[in-house]
Amino acid sequence: MSALYSETIQGITFITFNNPPANALSQGVLQELSQLLKKYEEIEETRVIILKGEGRFFCAGADIKEFTSLQQSTQYENLAKKGQNLFEYIENYPKPIIAMIHGTALGGGLELAMSCHMRFVTHDAKLGLPELQLGIIPGFAGTQRLPRYVGAAKACEMMLTSKPIKGTEAVTLGLANASYHEEELHSKVTAIAEVIAKKSPSSVKATLELLQYTKTSRYYEGVEKEAQLFGSVFNTEDAKEGVTAFIEKREPKFVGK
């Protein structure tokens, strides 16, 4: 059964996550998303892509249970690089990709949203990188993208405390473009996408390409280092305890090993 479904209406392609209960980003979901994006990159009718979630979540993060099948640091590092590469592809995509966020966008879900060109949220949406609560770290370039939007100090606070912020605060910080009531989110974001879809595809593509020049060279160094540390941290006793506690729905007991 597919974890994603898509439809195109008047130049706007909606890609919807449908992976209950929380639309987690398993390796299979990431691969399916990659294939869909490559498909729509070649379809002229698609002018704008909107990513959204079915049910109560946009995306609650990576599939934590999947982590338990991995054993070595290099396996975790390779997993991080796969996610990083996909999200880099999204950030450099030649057509606008908009994240339409309701419910929660945590961990890998927020990392995915941050790789999109724009983010629109509900007022009460929850956005955060809670990985340290599990004794691990963000691994899909979250440590590098979050400071771009909210600044180094706020990014540090969000990651070290593991506390999410609401959609309204995300707008204030510059992490999201705008927030709406849940019942109007779809219509508001669709209206924005419709305006963009009427623009010249070549000028839109050129604008997106030029925006990539605002990155610094050290961003790529940081992403590479993040993958390495993601692998080493995941191989600690604390990481095993954190993941196990999450699955068992209890508070973790970290010992610093």
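Which residue just after H6 takes a positive phi? Here are a few notes to read alongside this predicted model.

1. To settle that opening point: the residue is Ser162, which follows directly on H6 and has a positive phi of about 65°.

2. Helix H6 itself deserves a look while you are there. This helix runs over residues 152-161, and its buried residues are Lys154, Ala155, Met158 and Met159. These four span an arc of only 125° around the axis, so they sit on the same side of H6.

3. On the face turned away from the buried side you will find the exposed residues Ala152, Ala153 and Leu160.

4. Next, please check the loop between strand E2 (12-17) and helix H1 (27-41), where Pro21 lies. The peptide bond joining Pro20 and Pro21 is cis, with omega at about 5°.

5. Asn23 has its place in that loop between E2 and H1 too. Its phi is near 55°, a positive value in a residue other than glycine. Is Asn23 buried or exposed? With a relative accessible area of 2%, Asn23 counts as buried, because the cut-off for that class is under 20%.

6. Lys249, in the segment after helix H11 (237-248), is worth a visit as well. Although Lys249 is not a glycine, its phi is positive, at about 60°. Its relative accessibility is 77%, so Lys249 counts as exposed, the cut-off being over 50%.

7. Finally, a helix pair. How do helix H3 (residues 73-91) and helix H4 (residues 108-115) lie relative to each other? Their axes come within 8 Å and cross at roughly 30°. Angles under 35 degrees count as roughly parallel, and H3 and H4 are therefore roughly parallel to each other.

Conventions: Residues are numbered from 1 along each chain as its sequence is written. This is a predicted model: local features need pLDDT of at least 70, side-chain atom pairs count only at pLDDT 80 or more; totals for chains, interfaces and linings use all residues. Side-chain values use heavy atoms; hydrogens and water are left out. Buried means under 20% relative accessible area, exposed over 50%, partly exposed in between (1.4 Å probe, protein chains only). Helices (H or I, at least four residues) and strands (E, at least two) are DSSP runs, numbered from the N terminus. The arc is that of the directions from the helix axis to the C-beta atoms. Axes are lines fitted to C-alpha atoms, for helices over the stretch in contact, and angles run from 0 to 180 degrees between N-to-C directions. Angles under 35 degrees count as roughly parallel, over 145 as roughly antiparallel, 65 to 115 as roughly perpendicular and the rest as oblique.
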